[in-house]
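Trainee: Could we go through this structure together, one feature at a time? I would like to see how each answer is reached.

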Amino acid sequence: MALQGAPSRPEYRALAYTDQRWQNSTYWTGSDWARVGSDWQHPGSGAPSVRRFVIPEDGKVTISGRVSKLDLGGGDGVKAIIRLDETEVWSAEIEARDDKGKEPQLTLDVRGGQALRFVVDPRASIAYDSTRWDPVVADIGGRKHQASAAFGDQQGREGWHYEMEVLPGAAVTSAPPATHPPNAVAARLRALAGLDLPAMVEAEWRLEDSVEGDKTDWSKLIARHLDGTQRLLSNLRRNASDTFLGEEQIRLTQLTETTRDPQQCTEKLYLEARWLKRRVALANPLIRFDQLLFCKRRPTSYSHLVMQYFGWRAQRGGGLFVLEKPGHSLKARDILDGKLAGGSVLGPNLSYDGRQIVFSWVALPDGLRPGVDQPEKADEAYFHLYVVNVDGTGLRQITSGPFDDLMPTWLPDGGIAFSSTRRKGYARCFGYQFGQRWHVYTLHRVEADGSGLTMLSHHDTNEWFPSVMNDGRIVYARWDYIDRDAVTHQNLWATRPDGSNPVALWGNAVPSPHCAFEVRAVPGSEKLVFTASAHHSSTAGSIVLVDPSVDNNSHATLRRLTPSVPFPEAEGRPSQYYCTPWPLSEEYFLVSYSPVDLVFEPGAQSDNALGLYLLDAFGNRELIYRDPEIGSTSPMPLRATPRPRVIPRAVAANASPVGTMLMSDVYRGLGNVERGTIEQLRIVQIFPKTTPWANNPWIGVGGEENARAILGTVPVYEDGSAHFEVPAGKPVLFQALDKNGLAYQTMRTITYVQPGERVSCVGCHESRMSSPPVRRALAASRTPSKIEPGPLGGTPFSYVRFVQPILNRHCVTCHGGAKPEKGLDLTSARSGAFTISYASLTKSPSLVPRFPARNQIQVTEPGGKIGALGSTLMRQLRAGHKDVKLTDTELRALAAWIDLNAVFYGSCDPADNAKELAGEPIPMPEIQ
């Protein structure tokens, strides 16, 4: 697609300004990723991005400003071009990982009014095409016109303009508007202001059923609602007296008979049918409570599963409210009389005695533009935890500091579990628009008075929405993507309230829905309800019931309560959505509902989209409350609820900084492998990312990877059991090794132990529905094995340190020099972010198999095919390639490298990377 200096006049179109942030600045945007920021550009498909400077007067100018790749993730590079009017005066090819780039040094004779255009062309693909370019135009008098200094929200400021070039034959649309366009449905909701509840209910019915006067098929609508009423009545009367809702049953039968005559199917009959259904729905004994707690809030300024919960992305408005006579009145009181309206409330939860509310709240300073300004003050625009009595007294803040503290829930012992960025870390796939504050929030706990703040989870990526199951454990959603897709795995996990024994509860190998968020236990049931959400949107979508006791990795255990709403992103883009479900039983739920389209990244949802509703499992939904100006969410009865059992702590105070693990039989889950095949378990520590941008630095050719270290190995006994120590508070995974040190199976998730914790598992990738063997494991009677570090253990893994010396000793004689054999150069010279040998070996997936970023392999089959056991390189070397004789230690080192997904670096710290390139050892990272 590179420009060739076409004789015809290029067509340029103006870009539109958006105050969203990307690559660390706001930007001007056009078709399909054509963007220009303060000191960078990104081309669109068929639309190179253009920064234009208009020459102010006749004379000479000099042009400078180095061009280099900003995103070093890959792609095919870009072409940078400078034009004076339509004449190309300079160009340079910038390769995919060229962070040094090229510097134009031009002096030109110019006339006032001429245009200098700085063009970034995408070549064939726009992937990873973010390009740093901050041009400077200086006249002979010394006046400098620097692009970044003049950048802002106006075209033509100090002579600078922002455009895209439309290439011949490209299907390019006009620049999109800077903000999400007003939604007609949201406007109709806003028009409900001033209506009483009955009028609002009828207006919503008409909206829901797309009533269009004479064009409406009343017969079809009435039949559908009468059918829903009958199913609802049948369920409510199932175990009740004959008189309960008896009159409603009689009237339903009469209305059903009336509809046999199409002439009787009018708007009047439609309204009668709907009012009958509402009367039945509100007669449900489960909603006989006088008050309903909920919150009002404007949605996040940026719709994304993680970004939406950054305090600096929140928008002002709302608070905590109590609705009087739910379903019969719109009367609601602000618990704190507007004190929370200067910020944003998130995720309130009621104590088991019904007397206190815990919630997150972020104070938003005056003048702060949501999602545009990231405050620099140490503790500004962060979510913190608060507790208040239900009558509005006793408000107190219980956390503080430069961290987002989110989604609190009461624990049966009186403490509070919540998610917090205090774990520290960054997502591995984020761009500049996500800012430099910590991205990763994981499970923590704190006492109600603010004391005893403790990290419960040492996971390396995000965890959401802790709540308490009926058995006393915490259930939550975990983002789980080690050597697999970054988008499709945010599903259910459970842990004890002290953070011990984290287990995958449901969906860890199920790619749809992408996110199982806002999970809550159904009263008196093993089932859970959650919101099936998108990765690249807000927490919203379809409401789903799941029974993990039936199957922990299957859609067969799911019941979609809102089948008309697809799983967002996984199945489509919903034109309506639900969120914040509160289960009353397995059939009845309080929910928030929006009839407005779900907006995806980077936009914001409509401010007033959400109202409160009663939803049932029979296809019915009834309005409880709506504020036409602002969303209402998180409904829950304002009453005491049963307290789950208090699980005793498994972690003793002042326990040793290690835990122990007992595996009963490694062969459980490994298929038909012959017993005796597995001799050791390798323990690998996974490090959280400590730099904010994706692939910066680049850890390995797979992309978006964890840095990692081999801690060492422990023995597996002849019956397949193992008993060993693990350092507490470190995220680790295990690999089952054969006699040659090659991984037959690898975990692609992490676990951890608390100090002094003793935990056991059945086998290796065995079904979670299986039970442990009846026999006593040999390892159970042995002292726990200490980890044997061996020559590779106890330090971040480094390709240059552990692999390159082997190549230098045995390979570079043939695979080096001016003409390396078969073009395979295994020398140690640097090549981009890596070395020539690393680039050569990883060029072929058969030579060095590994999991690429965003791969869709949900379950790893045993046998090590994607690893050293499947490596052509290892087969050749073990067979004695051209009489090359490697020692067993050298072969094991090469195999270990491949089984670590062939990473290159062992650290996210650029200073450490420089040492690694020099072959020097580096320490374990400070943040682990």
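**Helices, a cavity and some backbone details**

Mentor: Happy to! Let us start with a helix pair: α4 and α6 are roughly parallel to each other, because angles under 35 degrees count as roughly parallel. Keep in mind that this is a predicted model.

Trainee: Thanks! At what angle do helix α4 and α6 pack?

Mentor: Helix α4 covers residues 218-236, and its axis is 9 Å apart from that of α6. The crossing of the two is left-handed. The packing angle is about 20°.

Trainee: How many nonpolar residues does the contact of α4 with α6 have?

Mentor: On the α4 side, the residues that meet α6 include W218, L221, I222 and L236. On the α6 side, L269, Y270, A273 and V280 are among them. By class, the contact has three polar residues, three charged ones and 13 nonpolar.

Trainee: Which residues of α5 make the contact with α6?

Mentor: The crossing of α5 and α6 is left-handed. From α6, the contact uses L269, E272, A273, L276, R279 and V280. Taken over both helices, the contact residues divide into six nonpolar, one polar and four charged. From α5, the residues are E248, R251, L252, L255 and T258.

Trainee: That leaves α4 and α5. Are they roughly parallel or roughly antiparallel?

Mentor: Their axes come within 11 Å and cross at roughly 155°. α4 passes α5 in a left-handed crossing. With angles over 145 degrees counted as antiparallel, α4 and α5 are therefore roughly antiparallel.

Trainee: How many charged residues are in the contact of α4 with α5?

Mentor: L226, T229, Q230 and L233 in α4 meet E248, Q249, L252, L255 and T256 in α5. By class, that gives four nonpolar residues, four polar ones and, for charged, one.

Trainee: Which of its lining residues are the closest to its centre?

Mentor: The largest cavity is lined by 36 residues. Elements that give two or more residues to this lining are β20 (343-350), β24 (405-410), β28 (463-468), β32 (515-521), β36 (577-583) and β40 (631-637). The closest to the centre are Y309, L346, E518, T580 and S634.

Trainee: How many polar residues are in the lining of the largest cavity?

Mentor: The lining of the largest cavity has 18 nonpolar residues and four charged ones. The polar residues number 14.

Trainee: Where is P602, which is joined to E601 by a cis peptide bond?

Mentor: The bond between E601 and P602 has an omega of about 10°. As for position, P602 is found in the loop between β37 (588-594) and β38 (611-616).

Trainee: One last thing: which residues is P10 in contact with, leaving aside its neighbours within four places in sequence?

Mentor: P10 is found in the segment before β1 (11-14). Between P10 and P348 there are 56 Å in space, C-alpha to C-alpha, and the two are 338 residues apart in sequence. With those sequence neighbours set aside, P10 is in contact with E86 and E165.

Definitions and conventions: Residues numbered from 1 in each chain as written. Predicted model: local features only at pLDDT ≥ 70, side-chain atom pairs only at ≥ 80, totals over all residues. Heavy atoms only, no water. Left-handed = near helix turned anticlockwise from the far one by under 90°. Helix = DSSP H or I, 4+ residues; strand = E, 2+ residues; numbered from the N terminus. Contact = heavy atoms within 4.5 Å. Nonpolar A, V, L, I, M, F, W, Y, C, P; charged D, E, K, R; others polar. 1 Å grid on protein atoms, 1.4 Å probe; cavity = no way out; pocket = protein on both sides within 12 Å on 5 of 7 lines; lining within 4 Å. Axes fitted to C-alpha atoms, helices over the stretch in contact; angles between N-to-C directions. Parallel < 35°, antiparallel > 145°, perpendicular 65-115°, else oblique.
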